[in-house]
Amino acid sequence: MAGLALDGSNPDVSLLFDINGLAKDAPHWFDRVMEFVGEYGIIIGLALVTLAAWWSVRKRPQEAPSAVAGLVWAPLAAGLALFANIPIRGFVERPRPFKDHQGLDVLVAGKADFSFVSDHATLAMAVAVGVFMAHRAYGVAAIGLALLEGFCRVYMGVHYPTDVIGGFALGTAVTLLLAPLAMMLLTPLTTAIASSRVGRLIRAEPAAADQSPDGACAELSESRSAGGDHGNKDLAA
């Protein structure tokens with residue numbers, strides 16, 4: 001695909017220069033921070049948010065297996081979305097913006113692959129949507145990090161805004177469209193693990209049914225029944 005023309009009628013390029021222009025006016029140390037955040041920091045942050053969500057959903061005995069299954073699906077969906085992006089990038093063949101437009105402040109050198117769609121934006125939003133499906137509060141935080149990732153990619157001069165938007169759309173679509181099948185396969189697995197020796201990976205406490213008043217009454221009834229049988233045996237003797 002041919003490069004985009006740099007003129008006032010193209011909002012994609014105009015927004016690219018507006019956001020990337022912030023890097024030119026920022027201190028050198030701030031650009032280095034944005035470089036780290038955009039390349040690695042957001043991904044690390046998403047991993048920590050996912051772990052925090054996992055720690056939280058484990059404390060919901062009834063919902064834990066399905067919620068943990070959703071959190072397992074989040075990185076799996078990201079991997080599938082990145083795989084789906086391979087043919088898209090090869091078909092569109094959009095060059096990186098700094099190859100077609102002079103004057104950009106490029107913070108990361110060596111980007112030689114195609115630009116559309118952004119792998120970082122795809123991965124970040126796929127994970128964020130997966131976390132949101134399992135835990136709303138942590139999901140909102142994850143989506144905020146994904147949006148920041150998109151901003152960083154444009155700020156760094158390595159993607160057009162539409163590259164980022166396309167990545168957000170791809171990550172969201174893969175996560176949501178394949179979620180029913182993924183949950184159908186993963187939930188029985190996490191449920192089985194919850195009943196195993198490593199069950200605390202899924203559920204922090206026993207299921208509520210085991211601690212309910214009905215469960216306690218059932219245990220008491222069984223105890224009394226056993227005691228009654230013992231008493232009858234004594235009388236018979």
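The questions and answers below go through aromatic pairs, charges over rings and contacts in a predicted model. Residues are numbered from 1 along each chain as its sequence is written, and side-chain values use heavy atoms, with hydrogens and water left out. In this predicted model, local features need pLDDT of at least 70 and side-chain atom pairs count only at pLDDT 80 or more, while totals for chains, interfaces and linings use all residues.

Q: How many aromatic pairs does a search of the whole structure find?
A: Rings of Phe, Tyr and Trp (its six-membered ring) pair if their centres lie within 6.5 Å, and planes under 30 degrees apart count as stacked, over 60 as edge-to-face and the rest as tilted. By that rule, the number of aromatic pairs found in the whole structure is five.

Q: Which kind of aromatic pair do F30 and Y155 form?
A: F30 belongs to helix α2 (residues 28-57) and Y155 to helix α6 (residues 136-155), so the pair links parts of the chain that are 125 residues apart, where helices (H or I, at least four residues) and strands (E, at least two) are DSSP runs, numbered from the N terminus. With 6.2 Å from centre to centre and 80° between the planes, the pair is edge-to-face.

Q: Is Y155 buried or exposed?
A: Buried means under 20% relative accessible area, exposed over 50%, and partly exposed in between (1.4 Å probe, protein chains only). F30 has 31% relative accessibility and therefore counts as partly exposed. Y155 has 2%, so Y155 counts as buried.

Q: Why is the pair of F36 and Y40 tilted?
A: F36 and Y40 are four residues apart in helix α2, which separates them by about one helical turn. Their ring centres are 6.1 Å apart and, because their planes meet at 50°, the pair is tilted.

Q: Where does R58 lie relative to W55?
A: A charge sits over a ring if NZ of Lys or CZ of Arg is within 6 Å of the ring centre and within 35 degrees of the ring normal. The charged end of R58 sits over the ring of W54, at 5.1 Å from its centre. R58 also lies over the face of W55, where the distance from the ring centre is 4.7 Å.

Q: Which residues does N20 contact, leaving aside neighbours within four places in sequence?
A: N20 is found in helix α1 (residues 11-25), and its relative accessible area of 1% makes N20 buried. Contact means heavy atoms within 4.5 Å. Leaving aside neighbours within four places in sequence, N20 is in contact with L104, D105, V154, Y155, M156 and G157.
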